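The following exercises are to be worked with the sequence and the three-dimensional model at hand. Each task is followed by a solution in steps.

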Amino acid sequence: MIDIDRASIRFRTKTGHVDAVRDVTFRVEEGEVFGLVGESGSGKSTLLRALAGLVPLSSGSLQVSDSRPQMVFQDPYAALHPRFTVDKTLREPLAINGIGDEDARILAALAEVGLGPAFRFRYPHQLSGGQRQRVSIARALIVGPRVLLLDEPTSALDVSVQAEILNLLRRLHTERKLTMMLVSHNLAVVGFLCQRVAVMKNGEIVEQLDLEAVRARDVKHEYTRSLMRATEGYTRKHIRRNDAIECGENHA
Ligand SMILES: Nc1ncnc2c1ncn2[C@@H]1O[C@H](COP(=O)(O)OP(=O)(O)OP(=O)(O)O)[C@@H](O)[C@H]1O
Ligand SMILES: [Mg+2]
């Protein structure tokens, strides 16, 4: 579904250039959930933006077998237009893509993310953070993508709300057989949803792991180990406490 071969992305700046992505190669199969972790500035968002067609490659090749891959961003408040009602936010992508039957689709998209019709004419400031992120997800889903690109979709949210959104994403994955790429700096979050994980550092993929390897702490790279240590406290304190995520632990 996604095939990236030796892709590099270089940004030109006033003072020179930044090699945000260097020689990255991986494939994501249809229906797979693939995680991307790594420290701040390692190139995760840039890679996701390239997959969404928002940033050109400097070299290499990239293929996404979906004409409408959709992206969900970290901050649902910034991602939604403050003066658009939920209805208008959801109507816009339908208009852009020439998709009819708007009213029925808007109601169905809201229902799919667990929001009733009462939310339809609210503005972003009248929604909680979790509800806003549900609207962002509905906006992505409404055009019927087969690929969903998620850039830290839960990191701006409260821990209990994070769990709700993660469970929603997992349900959508199962029901819609979506292919997903999930960026996170948190291996626990990635471990809940993803079958495979790539670890990025300085624009490069330093390691690719399957879920069993993440759970067994079977990693080769010291950098990956330090990421695991960094998320370990978080996992114990918050995620393990949550029943819904607990079933994620049994999922493997
Ligand atoms: N439009 C741009 N112009 C110049 N440099 C950029 C641009 N976008 C990103 N960069 C640089 O590319 C590098 C990778 O940035 P990117 O946003 O992909 O990192 P990230 O892994 O998503 O980090 P974070 O976890 O903080 O979101 C950084 O050094 C960043 O400063
Ligand atoms: Mg980022």
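A crossing of two helices is called left-handed if the near helix is turned anticlockwise from the far one by less than a right angle, and right-handed if clockwise. The structure used in these exercises is a predicted model.

**Exercise 1.** Determine how helices α3 and α5 are oriented to each other, and which residues join them.

Solution. 
Step 1. Helix α3 covers residues 86–96 and helix α5 covers residues 129–141. Their axes lie 8 Å apart, at an angle of about 25°.
Step 2. Angles under 35 degrees count as roughly parallel, and α3 and α5 are therefore roughly parallel to each other.
Step 3. By the definition above, the crossing of α3 and α5 is right-handed.
Step 4. On the α3 side the contact is made by V86, T89, L90 and P93, and on the α5 side by V135, A138 and R139.
Step 5. Sorted by class, this contact of α3 with α5 has five nonpolar residues, one polar and one charged.

**Exercise 2.** Carry out the analysis for α3 and α4.

Solution. 
Step 1. Helix α4 spans residues 102–112, and its axis is 10 Å from that of α3, with an angle of about 120° between them.
Step 2. An angle of 65 to 115 degrees would count as roughly perpendicular, and one over 145 as roughly antiparallel; α3 and α4 are therefore oblique to each other.
Step 3. The crossing of α3 and α4 is right-handed.
Step 4. From α3, the residues D87, L90, R91 and L94 meet E102, R105, I106 and A109 of α4.
Step 5. This contact of α3 with α4 comprises four nonpolar and four charged residues, and no polar ones.

**Exercise 3.** Describe the shell of residues around ligand 1.

Solution. 
Step 1. The shell holds 13 residues, of which F11, A20, S40, S45 and T46 come nearest to ligand 1.
Step 2. Two or more residues each are given by β1 (2–13), β2 (16–28) and α1 (44–51).
Step 3. Helix α1 provides the largest share, three residues.
Step 4. By class, the shell around ligand 1 has nine polar residues, three nonpolar and one charged.

Technical notes:
Residues numbered from 1 in each chain as written. Chains lettered and ligands numbered in written order. Predicted model: local features only at pLDDT ≥ 70, side-chain atom pairs only at ≥ 80, totals over all residues. Axes fitted to C-alpha atoms, helices over the stretch in contact; angles between N-to-C directions. Helix = DSSP H or I, 4+ residues; strand = E, 2+ residues; numbered from the N terminus. Contact = placed C-beta atoms within 7 Å. Nonpolar A, V, L, I, M, F, W, Y, C, P; charged D, E, K, R; others polar. Near = placed C-beta within 6 Å.
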